[in-house]
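Work through these exercises with the model open. Try each task before you read its solution.

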Amino acid sequence: MRPLPSGRRKTRGISLGLFALCLAAARCLQSQGVSLYIPQATINATVKEDILLSVEYSCHGVPTIEWTYSSNWGTQKIVEWKPGTQANISQSHKDRVCTFDNGSIQLFSVGVRDSGYYVITVTERLGSSQFGTIVLHVSEILYEDLHFVAVILAFLAAVATVLISLMWVCNKCAYKFQRKRRHKLKESTTEEIELEDVEC
């Protein structure tokens with residue numbers, strides 16, 4: 001084999017160097033191909049409320065969006081879809097999830113068991129991905145406790161009314177009893193005075 005002329009070796013070395021540089025640039029662009037923005041990372045809600053887990057993403061091409069849920073009760077996939085296609089919603093969240101093309105989801109009628117971490121993963125066609133987390137805290141409405149307190153207060157008010165009425169009746173009876181007693185005492189005193197007058 002004959003060695004290549006030195007001019008051709010340089011050209012081939014430069015083209016291999018450019019190819020490697022382009023490949024490295026493509027890898028860098030691929031790793032930063034997906035960006036994800038979460039405007040509200042923590043959400044507080046009450047039972048039976050509808051909540052929106054809002055996100056925004058940008059990437060090259062049509063990504064795959066996946067939401068998973070993690071809590072004390074375990075981890076489970078909620079939904080996976082590509083914008084513009086039918087969403088693959090898990091059985092546990094059927095009829096409770098609505099998806100949006102920007103990657104957001106809406107949960108209907110949340111309960112205390114829905115409290116936890118919601119992780120979104122946006123994966124680009126080339127394989128680069130980005131994930132974010134939203135923390136959801138669902139608290140119970142204290143209507144039952146307020147109802148209990150209202151019933152107790154109504155009961156105590158009724159008992160207080162009965163006691164006040166009994167005290168009023170007892171006071172009237174005592175007043176009448178004292179009046180009769182005074183009247184009898186007065187009569188007996190006048191009779192004694194009359195007897196003394198007669199004896200004298």
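**Exercise 1. Find the residue that stands opposite S70, then follow the pairing.**

Step 1. S70 stands opposite Y117 in β10. This is a predicted model, in which local features need pLDDT of at least 70, side-chain atom pairs count only at pLDDT 80 or more, and totals for chains, interfaces and linings use all residues. Residues are numbered from 1 along each chain as its sequence is written, and side-chain values use heavy atoms, with hydrogens and water left out.

Step 2. Name the strands. Strand β5 covers residues 64–71 and strand β10 covers residues 116–123. Strands are DSSP runs (E, at least two residues), numbered from the N terminus.

Step 3. Count the bridges. Seven of them join β5 to β10, and the two strands run antiparallel. Two strands pair if DSSP finds at least two bridges between them. T64 has T123 of β10 as its bridge partner.

Step 4. Cross to the other neighbour of β10. Y117 also has a bridge partner in β11, namely V135. Eight bridges hold the antiparallel pairing of β10 with β11 (residues 129–139).

Step 5. Look at the turn. The hairpin of β10 and β11 has five residues between the strands. There, G127 takes a positive phi near 110°.

**Exercise 2. Give the strand order of the six-stranded sheet and name its edges.**

Step 1. The order is β2-β11-β10-β5-β6-β7. The sheet is open, and its pairing is mixed.

Step 2. The edges are β2 (42–46) and β7 (88–89). Each has a single partner strand, so one side of each lacks a neighbour in the sheet.

**Exercise 3. Do likewise for the sheet of three strands.**

Step 1. Read the order as β3-β9-β8, an open sheet with antiparallel pairing.

Step 2. Here β3 (51–53) and β8 (97–99) are the edges. Each pairs with a single strand, so one side of each has no neighbour in the sheet.

Step 3. Neighbouring strands are turned by 20° against each other on average, direction ignored. The angle is taken between axes, which are lines fitted to C-alpha atoms; angles run from 0 to 180 degrees between N-to-C directions.

Step 4. Zoom in on one pair. Three bridges join β8 to β9 (residues 105–107). C98 stands opposite Q106 in β9.

**Exercise 4. How many salt bridges does a search of the whole structure find, and where are they?**

Step 1. The search finds three. A salt bridge is a side-chain nitrogen of Lys or Arg within 4 Å of a carboxyl oxygen of Asp or Glu.

Step 2. Start with K77 and E66, whose side chains meet at 3.4 Å, N to O. K77 is in strand β6 (residues 74–81) and E66 in strand β5, 11 residues apart.

Step 3. K77 is partly exposed at 37% relative accessibility. E66 is partly exposed at 22%, and E80 at 28%. Buried means under 20% relative accessible area, exposed over 50%, and partly exposed in between (1.4 Å probe, protein chains only).

Step 4. Turn to R96 and D114, whose closest N and O atoms are 2.6 Å apart. R96 lies in the loop between β7 and β8, and D114 in the loop between β9 and β10, so the pair ties together parts 18 residues apart in sequence. D114 is buried, at 9% relative accessible area.

Methods. Helix = DSSP H or I, 4+ residues; strand = E, 2+ residues; numbered from the N terminus.
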